[in-house]
Amino acid sequence: MTKDILVLGIETSCDETAVAIVKNGWEILSNVVASQIESHKRFGGVVPEIASRHHVEQITIVLEEALKEANVTFADLDAIAVTEGPGLVGALLIGVHAAKAVAFAHNIPLVGVHHIAGHIYANRLVTELAFPLLSLVVSGGHTELVYMKEHGSFEVIGETRDDAAGEAYDKVARTLSLPYPGGPHIDRLAHEGKPILDLPRAWLEPDSYDFSFSGLKSAVINTVHNAAQRGETIAPEDLAASFQESVVDVLVMKTVRAAEEYKVKQVLLAGGVAANKGLRTRLEEAFAQIQGIELIIPPLSLCTDNAAMIAAAGTIAYEKGKRATLSLNANPGLDIDQ
Ligand code: KG4
Ligand code: ZN
């Protein structure tokens with residue numbers, strides 16, 4: 001019988017202070033998330049300085065809660081995994097310092113994790129991964145198609161050339177005076193409206209797996225402003241439905257084409273926008289038609305930022321022998337294929 005591996009994950013790259021303990025890379029023993037959304041709402045977005053201060057206040061409390069909930073002590077842990085980037089530098093630093101302090105004080109191996117690798121590995125908390133696989137990563141800061149031939153190997157085959165999908169959602173929501181973060185509000189409205197407005201879809205070059213959402217975002221803003229100048233109003237639910245259809249059309253089409261071209265066994269959905277009901281439904285419909293490719297979609301709580309996903313990705317890195325030293329630093333521009 002092989003020994004269980006217990007990894008404690010820490011995630012502070014944006015506006016969630018999160019600590020989790022995961023057994024053998026897939027079994028969640030605890031997953032504590034302290035969200036700061038309420039503090040940033042009145043500014044319409046994340047204020048980096050406020051985020052860092054909240055992380056400082058929360059990290060020890062969340063850490064203790066995660067250990068207590070999992071009923072483990074530091075002595076039981078095999079590794080500490082922490083998000084080292086990308087993200088807000090001041091926010092990342094709090095997690096990295098907390099991880100280094102614990103690793104040093106208790107003599108536990110330390111592993112640095114890429115935030116997007118974490119989002120992808122949220123899927124391993126759902127089911128075992130089968131390679132090769134393709135992951136559609138859609139978050140507030142990233143829109144990427146990532147090909148993986150094996151554990152821990154990430155090849156970005158397409159990415160956004162301008163705005164990330166979540167960013168476009170948040171900006172369109174702002175135009176419609178919806179609260180931050182706007183994605184869930186647009187998603188909800190979209191289901192109440194009809195996609196009757198003609199909005200652009202950026203397919204780019206025929207063979208490209210890249211994305212572009214800034215043209216669509218501008219088209220939505222112009223549509224709202226032009227209508228206002230004419231003294232007309234556009235039903236926000238129809239605008240939300242039309243915008244969502246444009247985004248989802250492109251995401252689903254490119255994911256299906258890449259999955260078939262790369263002959264993958266699984267397609268994983270990852271990142272905060274993976275919580276989008278329209279996207280989940282359309283992907284399910286598309287992959288129901290394709291034999292031999294399994295679609296995996298994590299539950300909502302594992303789509304948005306959390307530390308269980310960091311512990312899951314960290315476990316693989318730990319098993320592969322990856323170790324960070326106490327000189328580990330926050331790296332806001334870290335590449336996933338580095
Ligand atoms: O992955 P995440 O929690 O943080 C980043 O790493 O960026 O993603 C946050 C993003 C926000 O832009 C938020 O508006 C979006 O995910 N989001 C959604 C939905 N839920 C969250 N976007 C569309 N539909 C949703 N239901
Ligand atoms: Zn994220």
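Colleague: Before we start, what does "buried" mean here?

Modeller: Buried means under 20% relative accessible area. This is a predicted model, by the way. H119 has 2% relative accessibility, so it counts as buried.

Colleague: OK, and what are the protein donors of the zinc ion (ligand 2)?

Modeller: You've got H115 through NE2, H119 through NE2 and D305 through OD, lying 2.0 to 2.1 Å from the zinc ion (ligand 2).

Colleague: How are those donor residues spaced in sequence?

Modeller: The pattern is H-x3-H-x185-D. H119 sits in helix α4 (residues 115–121), while D305 is in the loop between α10 (300–303) and α11 (308–319), so this pair ties together parts that are 186 residues apart in sequence.

Colleague: And D305, buried or exposed?

Modeller: Buried: the relative accessible area of D305 is 14%, and the cut-off is under 20%.

Colleague: Switching to helix packing. How do α7 and α8 cross?

Modeller: The axes of α7 (residues 214–229) and α8 (residues 236–261) come within 11 Å, with a crossing angle of roughly 165 degrees. That makes α7 roughly antiparallel to α8, since angles over 145 degrees count that way. The crossing of the two, α7 and α8, is right-handed.

Colleague: Which residues meet there?

Modeller: From α7 it's L216, V220, T223 and V224, and they meet L239, F243, S246 and V247 of α8. By class, the contact of α7 with α8 has six nonpolar residues, two polar and no charged ones.

Colleague: What about α5 against α7, what angle do their axes make?

Modeller: Roughly 5 degrees, and the axes of α5 (residues 165–175) and α7 come within 10 Å. Angles under 35 degrees count as roughly parallel, and α5 and α7 are therefore roughly parallel to each other.

Colleague: Which side chains are we talking about, or rather which residues meet between α5 and α7?

Modeller: K171, V172 and T175 on the α5 side meet K217, V220, I221 and V224 on the α7 side. That contact of α5 with α7 divides into four nonpolar residues, one polar and two charged. V220 and V224 of α7 also turn up in the contact with α8.

Colleague: What's the phi of S177?

Modeller: Near 55 degrees, which is a positive value in a residue other than glycine. S177 is also in the loop between α5 and α6. Its relative accessible area is 65%, so S177 is exposed.

Colleague: Then K263, where does that one lie?

Modeller: K263 is in the loop between α8 and β9 (266–270). Phi of K263 is positive, about 50 degrees, although the residue is not a glycine. With 66% relative accessibility, K263 counts as exposed.

How values were computed: Residues numbered from 1 in each chain as written. Chains lettered and ligands numbered in written order. Predicted model: local features only at pLDDT ≥ 70, side-chain atom pairs only at ≥ 80, totals over all residues. Heavy atoms only, no water. Axes fitted to C-alpha atoms, helices over the stretch in contact; angles between N-to-C directions. Helix = DSSP H or I, 4+ residues; strand = E, 2+ residues; numbered from the N terminus. Parallel < 35°, antiparallel > 145°, perpendicular 65-115°, else oblique. Left-handed = near helix turned anticlockwise from the far one by under 90°. Contact = heavy atoms within 4.5 Å. Nonpolar A, V, L, I, M, F, W, Y, C, P; charged D, E, K, R; others polar. Donors = N, O, S within 2.8 Å, 3.2 Å for Na, K, Ca; no water. Buried < 20%, exposed > 50% of the residue type's maximum accessible area, 1.4 Å probe, protein only.
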